[in-house]
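User: I am new to this structure and would like a short tour. Could we go through it together?

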Amino acid sequence: MSLFWRVFFTRAGIHFAPKHYISAILIPGIKFMTLLRLSAALLLSLTMLAPAHAQDRRVPASQAELRLSYAPIVQRVVPAVVNVYAAKMIQHRHPLLDDPIFRRFFGVPGGQPEQMQRSLGSGVMVDPSGLVVTNNHVIEGADQVKIALPDKREFEAEIVLKDTRTDLAVLRLKNVHEKFPTLDFANSDELQVGDVVMAIGNPFGVGQTVTQGIVSALARTQVGITDYQFFIQTDAAINPGNSGGALVDMTGHLVGINTAIFSRTGGSLGIGFAIPANMVRVVVASAKSGGKAVRRPWLGARLQAVTPEIAETIGLKAPAGALVASVAAGSPAARAGLKLSDLIVSIDGQPVDDPNAFDYRFATRPLGGTSQLEVQRNGKPLKLTVPLETAPDTSRDEVVITAPSPFQGAKVVNVSPGLADELHLDYGAEGVVIVALAESGMAANVGFRKGDIILAVNNKKIVKTTDLEQAVREARRLWRITLMRSGQQIQVMLGG
């Protein structure tokens, strides 16, 4: 009997058995044809147990199967993907012009040479009236923006809204009187690793290009590009010039805006990142409503990641969740009952792995409603309801300091809860915060940074921008400055 099994297993898997093996197992009383029928039946059953890939391989059964293609999806979506051209004038200043001896003996040229600096990116039409979403870094600092459609027509565009926190910007075509093709948003929270996607844009300026791949990972939070670290990772080829272009699914819906790549060479290595469509939707909605800034829910609590050491201390099996480090008085978090050391593990049923994941989930919730937080307090589960409302933003009184002083060239505004949330400052902070620095200004040269909070100048408390303006009017040989940086109070002395 063992010889009989050897014949058919080896035939199914490796080779044919010699004829004498078959004759050696003939059993008296059983006809040869009957044995052959039994043998054939057994062979068929063994074939059914063969590896799946052997069964799935077949010749296409029809002409239609020979023509399977992504072309119908591409033809539907590419008219809504545009090229974005941004340009700005930059002035080249020779370093010798800063030398007073050189200026004294050789004078100062009447005009400095200017050069047009251009950048290239992509964009997606999201409204028939001519509203385009792209990356903020594509148009940052631009004096002129143009949009080129797939049909080669070009239009001037105005910047409607810029959001540095998400690296997104919304543009509007000027002087248009027609309806444009658009892409509809998908629910990016429904994406799964392994889903097929296509990236569309204008890499290296070669022209509109389509690449195909899969979703390689979701919720990438250690990319370091924007405030909201929550990216879709894909292996669809993304290269310079693809920034702002579309990442679409197999239904032709927009699942993300291509933003960055990981590369050692400047070209695609199969690791690209896209901003999820649910975040893009929030920014576009703010632009459509006429806002100059994106309106998002405000929690009013500072969160920190759970390290393995913290997880062990509080008895967690794995370091996951967002730990509450502080709660602002009167904030939505405080009114919901959130307390110091609470561990947020989910929001509206969606798990929270770290503070970045929570920030993204919370920022994409619609204003006016509520969200359900599941927290652990002293090891016990608890559910809290948080209202979704914007942070109070009092008058910022934006001022650019021009008086000769260590602050010359600094743009400062009053600290408010809204600004504290935007710049990740302590919610209880008071004073005047630096939000921008001129490259050639004294403030940048002496080492001030964006986010520095000015508390006092020459022993005078600074509460509002008008206080700082008054403090720098007096010429001094020595400046005593108290500031807050990254939660630490610093005392500095600078010469006048």
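User: To begin, where is the place of Asp-167?

Analyst: Asp-167 sits in the loop between strand S5 (154–163) and strand S6 (168–173). Helices (H or I, at least four residues) and strands (E, at least two) are DSSP runs, numbered from the N terminus. This is a predicted model, in which local features need pLDDT of at least 70 and side-chain atom pairs count only at pLDDT 80 or more, while totals for chains, interfaces and linings use all residues. Residues are numbered from 1 along each chain as its sequence is written, and side-chain values use heavy atoms, with hydrogens and water left out.

User: Which residues does UniProt list for "active site"?

Analyst: The unreviewed UniProt entry lists His-137, Asp-167 and Ser-243. They are spread over 107 residues of sequence, yet they cluster in space, with a largest C-alpha distance of 10.4 Å. UniProt positions are given in the numbering used here, feature names are shortened, and annotations may be inferred rather than shown by experiment.

User: Where is His-137 found, and what does His-137 touch?

Analyst: His-137 belongs to helix H8 (residues 136–139). Leaving aside residues up to four places away in sequence, His-137 touches Asp-167, Ser-243 and Thr-259. Contact means heavy atoms within 4.5 Å.

User: With which side chain does the side chain of Asp-167 make a polar contact?

Analyst: The partner is the side chain of His-137, at 2.7 Å. A polar contact is a pair of N or O atoms within 3.5 Å; within protein, one must be able to donate a hydrogen and the other to accept it, and residues adjacent in sequence count only if both atoms are side-chain atoms.

User: Why does Asp-167 count as buried?

Analyst: Asp-167 counts as buried because its relative accessibility is 9%. Buried means under 20% relative accessible area, exposed over 50%, and partly exposed in between (1.4 Å probe, protein chains only). His-137 is partly exposed, with a relative accessible area of 39%.

User: What about "binding site": which residues does UniProt place there?

Analyst: The unreviewed UniProt entry places that feature at His-137, Asp-167, Gly-241, Asn-242 and Ser-243. Asn-242 lies in the loop between strand S9 (231–234) and strand S10 (246–248). Asn-242 is buried, at 2% relative accessibility. Its contacts, not counting residues up to four places away in sequence, include Ser-122, Ile-200 and Asn-258.

User: Changing topic, is Lys-179 buried or exposed?

Analyst: Lys-179 is exposed, with a relative accessible area of 68%. Lys-179 is found in the loop between S6 and strand S7 (196–201). Its C-alpha atom is separated by 7.3 Å from that of Gly-130, although the two residues are 49 residues apart along the chain.

User: Finally, which residues lie nearest the centre of the largest pocket?

Analyst: Those are Lys-162, Thr-164, Ala-293, Arg-396 and Glu-422, out of 33 lining residues. On a 1 Å grid over the protein atoms alone, a pocket is an open set of points where a 1.4 Å probe fits, with protein on both sides within 12 Å along at least five of seven lines; lining residues have an atom within 4 Å of a point. S5, strand S20 (410–414), helix H13 (417–423) and strand S21 (432–437) each supply at least two residues of that lining.
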